[in-house]
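I opened the notebook to look up covalent links, charge pairs and surface charge in one structure. The entries below keep to what I could look up there.

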Amino acid sequence: MTTPQHPPFPPHRPGRGPSAEEDDGRSTGPVPVVPHGTRDGRPEADHGHTAERAGQGTGGGHGHGHGHSHGPAAPVSRHLRKVIAAVLIPFAAAVVVGLAVLWPGGAPAHERTGVGFDRQTQEATVTKVVALSCQSANPSAGTPTGDTSTAEGSSAVQQAEGECKRATVRVDTGDDKGRTFDEIVQPDQSRQLREGQKVVVAYEPSAPKDLQYSVTDINRQFPLALLAGIFALAVVVVGRLRGLMALVSLAVSFLLLNFFILPAILQGSNPLVVAVIGSSAIMLIALYLCHGLSARTSVAVLGTLISLLLIGVLGSLFIGWAALTGNTDDNTGLIHGLYPSIDMSGLLLAGVIIGSLGVLDDVTVTQTSAVWELHEANPAMGWRGLYRAGIRIGRDHIASVVNTLVLAYAGAALPLLLLFSIAQSGVGTVANSELVAEEIVRTLVGSIGLVASVPVTTALAALVVSADRPARAPETAAGAGAPARGGRGRRRKR
C-alpha cells in the first residue's frame, strides 16, 4: 500500500481570490497568504491598491500604497485622451475664433434719454429731515373731491391732509459735489428718507436749476458688498482651493458677460450666436478651472455642449412658433427704442441659453463624477451597468433640479402672478399673455435641456470610462506566470 505524500503547501482553492495561486509567501510556511484586493476570499473593489496603479515597484515586503479616489479622477489612457482632445480642441478653437471675430470695442454711445436706468446718477447723503403739513408742501394742490374709496382718491387725501417730510440732500460725487437740494417725501410713499441715509440721485441738466436733482433710490452698496464678502469667505473656507477657483471662474463669467456678450449684442451682432459663443467660453473656463484638466471634466463639457445645443434648437423653434417678441416691459421697450436693430426675440433666446448654463454645469459634473466613482468602486462593471447605476442617481437629480428651476422662475415672476390673481383671470388667459408665456417657454425649454443632459452625460461617461484601457505594467506584460511580490494581486482585467 502506498502512503500518500502530502504536498508541502495547502492545495489551491478556487474561491480564494483572483491571484491566490500567485503568492510570494509560499516559501515561508504552510499558511496561505490572502492577496491584497481580497477579503475572506472575495474580490474587493479596486481602489487603486495595485502596484501598477499606485505607480510602485515590485520590491519585497508588505508595502501598502493607497490610491482612493477622494481627489482628482484617475488618469485615463493616452489613446482615450487623444480621442477626447480630437473633439474638444476644434470646439475650443472655434470658440476662441468666435470671440476674436465678434469681440466689440465697447457698448455704442448714445444720447441719454433720462428714462429708467438711462440717466445720469450721483451719490448723495440726506443731511436733514423736517416734518411739515402736506398742504404747505403742495400749495398748488387743491382739496380732493373724488371718490376716496379708491386707491387714487385715498392717496390724494393723504397728500392733501397728511404729514409730509422735507429732506435736505447733499450731492457727494460729480461736478456739483457739495450742492444741496430739497426733496418732498409724501406720506404714502413707499421709500421714506431719514437723516444720514445714503441715497442715489438722478441728474437732468436740461431741467430748471432747482429741479435738476431728485432722489431715485437708496444707496445699497455697503450691505451688498458685505454680503458678497461673507459669501466669498464661506465659499473659500468650505471649498478651500476648489472654492477659490469657483470664485475666480465666477469673476471671469461676469467679465465675459459685461465685456463681450452685452456689448456685442448692442453692437448689432446676432444675440443667439453671441450667447452660444459666450456661454461656451464661460463653460470651458469655469469647468476646467474648477474641476481640473481631466477626461472626467471633458466628458462633462461634452454633455453640457450637447444639452445647450438642444436648448438652442427647442428655444428657437417655440419662441418663433409662439410669436414671442421679447419686448414686453418698459426696459425691453427702452432697449428697442435706443437700438432698433437688436433682435429682441433673439435676445430672449440668448437669455434662455445663458440662464440654463449654470444649472447644466451642476448636473453634468455631478453625473460624470457619479459614473467615475462607480467605475472606481467596481472596475469590472461594463458600460451598461454603469449607465443603469448612474441613471438611477440622475433621476433623483432631475426631480430636484427641475423643481428648483420652476420655483426660481415663479419666484421672479411672483408680483406679475399676483396681479393676475387680483384680476381673477383664468389660467388659460394668464398663460396666453406674452409676459407669462415667455416665462413658460423659458422654464420648459430649460427644463427639457436639463432632463436630457442626465442620460446624455451618463451615457458619455459610461462609454468613456468603460472603454479606457490603461497600459499594463512591465512586470505584468512580461509574463502571466510572474509572481506578484508583497502579497499584491495581479491587476484586474477590465
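My notes on cysteines, salt bridges and a charged patch follow.

**Basis.** The model I looked at is predicted, so I kept local features only at pLDDT of at least 70 and side-chain atom pairs only at pLDDT 80 or more, while totals for chains, interfaces and linings use all residues. I number residues from 1 along each chain as its sequence is written, and my side-chain values use heavy atoms, with hydrogens and water left out.

**Cysteines.** I searched the whole structure for disulfides (cysteine sulfur atoms within 2.5 Å of each other) and found 1. The disulfide joins C134 to C164, with an S to S distance of 1.9 Å, and I noted it as right-handed, with 105° about the S-S bond. C134 lies in helix α3 (residues 134-137) and C164 in strand β4 (residues 163-171), so the pair ties together parts that are 30 residues apart in sequence.

I then looked up burial, where buried means under 20% relative accessible area, exposed over 50%, and partly exposed in between, with a 1.4 Å probe and protein chains only. C134 is buried at 1% relative accessibility, and C164 is buried at 0%. I also checked C290, which counts as buried at 14%.

**Salt bridges.** I wrote down several of them, including the one between D172 and R170, whose closest N and O atoms are 3.0 Å apart; D172 is buried at 19%, whereas R170 is partly exposed at 31%. In the salt bridge of D176 with R179 the closest N and O atoms are 3.4 Å apart, and here D176 is partly exposed at 23% while R179 is buried at 19%. D217 and R220 meet at 2.9 Å, N to O, with D217 partly exposed at 27% and R220 partly exposed at 41%.

**Surface charge.** Which residues gather in a patch of positive charge on the surface? I found R384, R388, R392 and R395 there, using residues with over 30% relative accessible area and no salt bridge, like charges being joined within 9 Å and nonpolar side chains (Val, Leu, Ile, Met, Phe, Trp, Tyr) within 5 Å. Of these I looked up R392, which sits in helix α10 (residues 383-412) and counts as exposed at 51% relative accessibility.

How values were computed: Areas by Shrake-Rupley, 256 points an atom, 1.4 Å probe, with all protein chains shown as cover. Salt bridge = Lys/Arg side-chain N within 4 Å of Asp/Glu carboxyl O. Lys, Arg positive; Asp, Glu negative; His and termini not counted. Charge placed at Lys NZ, Arg CZ, Asp CG, Glu CD. Helix = DSSP H or I, 4+ residues; strand = E, 2+ residues; numbered from the N terminus.
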